[in-house]
Amino acid sequence: PAGAVRHILLPTVALEHKYFAGAFADARPDAQLWVASAQYSFPLDLPLDLQGFPRGTKRLPDEMAPGRQGGGGAAEGGADASDRPEWAEQLPYKVLGPIAESVGAFQEVVLFDRPTGTLLVTDLVVGVPTAPPEVLRVNDDRALRFHSRDSPAEEAVATDEARAIGWKKICLFALYFQSSPLAVASPPDGSPAGAVRFFRSAFPAEVPAEARALGWNGFIAWSWKPDWRDAFEALRGGGSPLVPPIIQVAILNREPRRVLEFVRAVGAEFAFTQIVPCHFDAPVSATPKEWSEAFNFLRASPVGGPGARGDLPAADLAFLRAFEAGLVRAGTIRRAAPRV
């Protein structure tokens, strides 16, 4: 039977996740909040209670594999066994990072639920489904219909086929920001005049009244080329685990050797048969083999052979590569390290 919530875990330092942690914990004042250890704030690195976490919040110690806790002495990673969360034996965990930059860092805790053979992750991998989540179809399908169109003049129809098309294009937007099949009518160039041209083109007169009624005042600054379906299928990779492109391009490739050692250790110690990420599809059917293959973008010699997930199309990564280059020029992140 279900009981009271005794523990809460924030397994990442990403703002979009930590933003809700304080309020979530405040609503459950008897529960202990644990947070990934590399929590930070900018420009001043404040203590946890000044970052919006309730008093008594604890930083999660270094990971501990099941059965490695000693009898009252120091546990693996140098922390005293008394500092370990009581749930660590049931949900052993491993920590990636922090992968630190001049501002901020990336860190993620993954956990293994042995009874269900499930690896629990936040952002490291996702599974991309072909159909939209039922919650979107039932509660508000406007975005699905809005994105189903290939061009501004196209009607937005309310069919399951159109909703599925809209979902696939939303996936391309969410994971690439701007993939190669997306043609922007008047791309902004960073200048005030370029911004004016972009917004003037973003509200075309030919948008049908029904599509305009979906919201956003008829905004549509792009059209889709016919090969968008190929881009989606390459991204989806048959539903196998995928490291989101922005994490591939701007984060994990800074320290590939360290990341691959983490990947190896997770696969060696946790005999999972499925992965439950925080985003997109769940559960994702995967073993340590498919988990490892998802990180082939870091390897000079990919593993897994034919059918394994490999590099995403260079054309689809072009926008993110340009974004990465801008961050490097600004000194925000380091240059990518060579594959290993």
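Helices (H or I, at least four residues) and strands (E, at least two) are DSSP runs, numbered from the N terminus. The model is predicted: local features need pLDDT of at least 70, side-chain atom pairs count only at pLDDT 80 or more, and totals for chains, interfaces and linings use all residues. Residues are numbered from 1 along each chain as its sequence is written, and side-chain values use heavy atoms, with hydrogens and water left out.

Helix α5 has 17 residues and spans 24 Å from its first C-alpha to its last, close to the 24 Å expected at 1.5 Å a residue; the expected span is 1.5 Å times one less than the number of residues. Its buried residues (under 20% relative accessible area, 1.4 Å probe, protein chains only) include R163, W167, K169 and C171. Just after α5, F177 takes a positive phi of about 70 degrees.

Pockets were located on a 1 Å grid over the protein atoms alone, as open sets of points where a 1.4 Å probe fits, with protein on both sides within 12 Å along at least five of seven lines; lining residues have an atom within 4 Å of a point. A volume is the space filled by probe spheres set on the points, which are joined across faces, edges and corners.

| Largest | About 800 Å³ | A14, E16, F106, I247 and I251 |

The largest share of the lining of the largest pocket, four residues, comes from α1. Elements giving two or more residues to this lining also include α5 (160-176) and α12 (314-329). By class, the lining has 21 nonpolar, six polar and four charged residues; Ala, Val, Leu, Ile, Met, Phe, Trp, Tyr, Cys and Pro count as nonpolar, Asp, Glu, Lys and Arg as charged, and the others, Gly among them, as polar.

In the second largest pocket, β1 gives the most to the lining, with four residues. The lining there has 18 nonpolar, four polar and one charged residues.

The model has zero disulfides, a disulfide being a pair of cysteine sulfur atoms within 2.5 Å. The sulfur of C171 lies 17 Å from the closest cysteine sulfur, in C278, and is therefore too far for a bond. C171 is buried, with a relative accessible area of 0%.

Conventions:
Buried < 20%, exposed > 50% of the residue type's maximum accessible area, 1.4 Å probe, protein only.
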